[in-house]
Amino acid sequence: MSLVFIAPNRDLSAWKRALEQIDPNLEIEIWPDIENKNRVHFCVCWNQPKHLLDSFPNLKAVSSLGAGIDHLLTDDSLPDSVDICRVVSPSLVQQMKEYILGAILNIQRNFIRYFQQKNKKIWQTHDHSSASHWNVGIMGLGELGRPVAEQLAQVGYQVSGWSRSKKALTNVRSYAGSDELDSFLNNTQILVCLLPLTTETEGILALDIFKKLKHPAWVINVARGEHLVNEDLIYALDSSILQGAWLDVFSKEPLPNQHPFWNRDNIMITPHIASVTEPDEVAQQIVDNYKRALSGMPLNYAVDREKEY
Ligand code: NDP
Ligand code: OXD
């Protein structure tokens, strides 16, 4: 029986080492070096080639190498009978909290403008207001969105969150469902997207949403590039509906050289690094789920195929 990692263009040696440390008897293979496809019972995938998963006749479960699972649900070669799980880990949460707080501080305190001025030797001050004057709205109050929202509230921002179901969070106003989306947006200046990519959420960051935000408005997208309608973002920036955007994820990664986002001072770009899975922390989860899959037990952090997350 073997567990296979499938993540093209990624060095997986640390993952293999971390799993072997937990159980030296595990048979771990790294795609494309697979000895016998019949022996593969569990795959751990990130951006796997989309024609592969049905070539393992005894596959029981797949895990994402990260928190998102859209790369699995959009893979037609993944048989319906195969269970799906994902990674949930404290370091993913911690990194996301750091990233979002960092981005918001840069926006709130005008650091982006000061960095740009420094390159031109310009000494010029800009007004700023303290955290309590800023309304931050988090779309998605899941494993990542909830702690991000609570931390921002602790720092002093006015925070609200939007999800499918209502939440009770400390100092975070909760909005739920499409009925409450407009009220959530009307009360938001910095919109942070931490939604999973699903049929319902694809393209959600669009012009009609941007128009409902409080001004000056910013969008931070750390979820998936496909949440954002790229041409709507550019239109909203050019017509001052949005003041700026901070993006970590893109529909095509790496972002192509010719992409119009690169040349804009009001679009911040990071290369999908907001929160990165740490093999040593997550190895035990993978091993546990591998064993659960082999023994027919329900997986931890299982994905609901109906809900798509
Ligand atoms: P979760 O599955 O834990 O949470 C998803 C949240 O989104 C839930 O609160 C859910 O509502 C809400 N939601 C889902 N669909 C809708 C909808 N149609 N309308 C309103 N709310 C909705 O996800 P995580 O917090 O673990 O991760 C979120 C995403 O972040 C990942 O899917 C991934 O794409 C991205 N990510 C990006 C990283 C990066 O480095 N850039 C790193 C890690 C993750 P409810 O609570 O009511 O079910
Ligand atoms: C994830 C990611 O989903 O890094 O974990 O995007």
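A pocket is an open set of points on a 1 Å grid over the protein atoms alone, with protein on both sides within 12 Å along at least five of seven lines; a cavity is a set where a 1.4 Å probe fits but cannot get out; lining residues have an atom within 4 Å of a point. A volume is the space filled by probe spheres set on the points, which are joined across faces, edges and corners.

This is a predicted model: local features need pLDDT of at least 70, side-chain atom pairs count only at pLDDT 80 or more, and totals for chains, interfaces and linings use all residues. Residues are numbered from 1 along each chain as its sequence is written, and side-chain values use heavy atoms, with hydrogens and water left out.

**Exercise 1. Describe the second largest pocket and its lining.**

Step 1. Take the volume: about 330 Å³.
Step 2. Find the lining. It has 17 residues, and Ile107, Asn110, Arg113, Trp218 and Gln243 lie nearest the centre.
Step 3. Assign elements. α3 (90-108) and α4 (111-119) each give two or more residues to this lining. Helices are DSSP runs of H or I with at least four residues, strands are runs of E with at least two, and both are numbered from the N terminus.
Step 4. Sort by class. The lining has five nonpolar, eight polar and four charged residues. Here Ala, Val, Leu, Ile, Met, Phe, Trp, Tyr, Cys and Pro count as nonpolar, Asp, Glu, Lys and Arg as charged, and the others, Gly among them, as polar.

**Exercise 2. State which residues line the largest cavity.**

Step 1. Take the volume: about 30 Å³.
Step 2. List the lining: Ala67, Arg86, Val87, Val88, Ser89, Leu92, Glu143 and Leu144.
Step 3. Sort by class: five nonpolar, one polar and two charged.

**Exercise 3. Work out how α3 packs on α4 and on α5.**

Step 1. Start with α4. Its axis and that of α3 come within 5 Å and cross at roughly 70°. Axes are lines fitted to C-alpha atoms, for helices over the stretch in contact, and angles run from 0 to 180 degrees between N-to-C directions.
Step 2. Name the arrangement. That angle makes α3 roughly perpendicular to α4. Angles under 35 degrees count as roughly parallel, over 145 as roughly antiparallel, 65 to 115 as roughly perpendicular and the rest as oblique.
Step 3. List the contact (heavy atoms within 4.5 Å). Leu105, Asn106 and Ile107 of α3 meet Phe111, Ile112 and Phe115 of α4. By class, this contact has five nonpolar, one polar and no charged residues.
Step 4. Turn to α5 (residues 145-155). The axes of α3 and α5 come within 9 Å and cross at roughly 45°. That makes α3 oblique to α5.
Step 5. List this contact. Val93, Met96, Lys97, Ile100, Leu101 and Ile104 of α3 meet Pro147, Val148, Gln151, Leu152 and Val155 of α5. The classes are nine nonpolar, one polar and one charged.

**Exercise 4. Locate the cis peptide bonds and the positive phi of lysine 121.**

Step 1. Recall the background: most residues other than glycine have a negative phi, and most peptide bonds are trans.
Step 2. Check histidine 215 to proline 216. The bond is cis, with omega about 0°. Proline 216 sits in the loop between α7 (207-210) and β10 (218-221).
Step 3. Check glutamate 253 to proline 254. This bond is cis, with omega near -5°. Proline 254 is in the loop between β11 (244-247) and β12 (267-269).
Step 4. Check lysine 121. Its phi is near 55°. Lysine 121 lies in the loop between α4 and β6 (135-139).

Note on methods:
Chains lettered and ligands numbered in written order.
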